[in-house]
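Welcome, and please take a moment to turn the model around before reading on. We will walk through it together, one place at a time.

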Amino acid sequence: MTLDGEALEQLRKRAKAGGADKYHAANAAKGKLFARERVALLVDEGSFVEDGLYANAMAEGLPADGVVTGTATIDGRPVCLMANDSTVKAGSWGARTVEKIIRIIERAYTTGVPMVYLVDSAGARITDQVDLFPGRRGAGKIFWNQVRASGSIPQVCALFGPSAAGGAYIPAFCDVVAMVDGNASMYLGSDRMVEMVTGEKTTLEAMGGAKVHCAESGVGHFLCKSEAEALDVVKRYLSYLPSNWTQTPPAAPAVEAPEKADLAALVPASERQAFDMRRYVKGLLDEGSFFEIQALWAKELTIGFGRLNGEVVGVVGNNSMFKGGVLFVDSADKATRFVQLCDAFNVPLLFLSDVPGFMVGTAVEKQGIIRHGAKMITAISEATVPKICVVVRKAYGAGLYAMAGPGFEPDATIALPTAKIAVMGAEAAVNAVYANKIAAIEDEAERAAFVAARREEYERDIDIVRLASELVVDAIVEPHELRPELIRRFAAARGKDRHFSRRRHGVTPV
């Protein structure tokens, strides 16, 4: 078939228009943008170059086969992207859809640029399953390419609607996922399928909505109020990372820490009193630079990107405001993935320790706290980027190990004057050693005096000056000295050798 200019223009318009008007109206009523509008909001104006616009052009009602793919720039930096068009058969996948997605991930990987996924899809078209599902270039190849690209290029997902069945793994294989509250969902089986298989009656929102995944399952990372906010998360996330694993994170102009930040005043003298590590982090980093990740999940651990004197760092800090800062199964997993992300993309790691240790008890043992803790410690051990451990208040038990303590080859272990490093806190230690003797003292005053004396002995034994004198810690610094100390030490560690072990890979205790 020969096309003249007018016929080609009409074909192009039909392909770019998406589905029927009624589907556009239905999406607009839910506060959802058209896929091409999302792309236009995300990328630099005029930078988008589309591939596969005429996919399935011979078929009726399948413009671009329901997915927009191509290249663009964001803040002047090249990216590859895909965007499901939910006005075309609810954004479902056909054979050409799958091929377009595979091709754009392959391009991102081979050119070494970030891959952005704008997801809004009902999953595979059952009617097309033979063409799209089982073959060598079938849907499985999408995930194979995502796994191959993981740690090589940044992969970030903004989820605007459903991500159903096998399609739910596209977000799962991304570094981070931003979900729009009220519209976004991830699930392997629909509510109807769940009832059929298990008898459970549920809803998509209760089973796989944005709040569930951002606050309970940990599959989501950012709970967003709008699509514009989700797209902004994508931009901001990429601003902290290099385009690929061979590069260093982009520096920014140096900005001072907030003038009113008094780090000493933020840390209570009593370790029984909680404080918000997020405030401490914001007072330490360049003003306005802290970008918290997974703020709603496993809140006893705070993670995120920030900048010190314009240079990117990844922060891992215990937050005693939640569960006393104790490490649980979920917080161990949260730390593991973030440490691996930073190590993959050459982001130095700053550990701010205020940790009583890992949680104990029947419930967490059955959940595999030992296995999850070992996974976190594995990630800390394998991370070869510059890493500095700061003991802000306490580092007890295996918590010291999980927060990159001296045995894990940090580039420095720094203690604040408030720091305590020990197998356990003084109260627990005295009780463990002297429980029978304490119980045998009948006089209350005598018992209290005995306990106080033993606690004082224990505190002397773990005195931070003694630990510094024995080179357990490299420096004791005042809170107001910490920021310039970190800036100097990270600068000195920037060119470190990053070899770790003779092997292909370890056997991770997953």
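Is Tyr169 buried, partly exposed or exposed? Before the answer, a word on what you are looking at: this is a predicted model, in which local features need pLDDT of at least 70 and side-chain atom pairs count only at pLDDT 80 or more, while totals for chains, interfaces and linings use all residues. Residues are numbered from 1 along each chain as its sequence is written, and side-chain values use heavy atoms, with hydrogens and water left out.

Now to the answer. Tyr169 is partly exposed, its relative accessible area being 38%. The word has set limits: buried means under 20% relative accessible area, exposed means over 50%, and partly exposed is what lies in between, with a 1.4 Å probe and protein chains only.

Tyr169 also has an aromatic partner. A search of the whole structure finds 11 aromatic pairs, and one of them joins Tyr169 and Phe173. Their ring centres are 6.2 Å apart and their planes stand at 35 degrees, which makes the pair tilted. Rings of Phe, Tyr and Trp (its six-membered ring) pair if their centres lie within 6.5 Å; planes under 30 degrees apart count as stacked, over 60 as edge-to-face and the rest as tilted. Phe173 is partly exposed too, with a relative accessible area of 29%.

Another pair, Tyr434 and Phe450, is edge-to-face, with 5.6 Å from centre to centre and 90 degrees between the planes. This pair links distant parts of the chain, as Tyr434 is in helix H18 (residues 426-440) and Phe450 is in helix H19 (residues 444-461), 16 residues apart. Helices (H or I, at least four residues) and strands (E, at least two) are DSSP runs, numbered from the N terminus. Tyr434 is partly exposed at 28% relative accessible area, whereas Phe450 counts as buried at 13%.

Phe450 has a charged neighbour as well: Arg454 lies over the face of its ring, 4.6 Å from the ring centre. A charge sits over a ring if NZ of Lys or CZ of Arg is within 6 Å of the ring centre and within 35 degrees of the ring normal. Elsewhere, the charged end of Lys323 sits over the ring of Phe328, at 4.5 Å from its centre.

The largest pocket has a volume of about 800 Å³. Of the 28 residues that line the largest pocket, Ser150, Gly151, Gln340, Leu341 and Ala344 are the closest to its centre. On a 1 Å grid over the protein atoms alone, a pocket is an open set of points with protein on both sides within 12 Å along at least five of seven lines, whereas a cavity is a set where a 1.4 Å probe fits but cannot get out; lining residues have an atom within 4 Å of a point. Grid points are joined across faces, edges and corners, and a volume is the space filled by probe spheres set on the points.

Helix H14 (329-344) and helix H16 (369-382) are the elements that give two or more residues to the lining of the largest pocket, and H14 gives the most, with 8 residues. That lining divides into 15 nonpolar, 7 polar and 6 charged residues. Here Ala, Val, Leu, Ile, Met, Phe, Trp, Tyr, Cys and Pro count as nonpolar, Asp, Glu, Lys and Arg as charged, and the others, Gly among them, as polar.

The second largest pocket has a volume of about 590 Å³. It is lined by 24 residues, and Ala122, Gly123, Ala124, Ile126 and Ala165 lie nearest its centre. Helix H8 gives the most to this lining, with 3 residues, and the lining of the second largest pocket divides into 14 nonpolar, 7 polar and 3 charged residues.

Glu382 is found in helix H16 and is partly exposed, with a relative accessible area of 23%. Gly304 has its place in strand E10 (residues 301-308) and is buried, with a relative accessible area of 0%. The C-alpha atoms of Gly304 and Ile293 are separated by 5.0 Å, although these residues are 11 residues apart along the chain.
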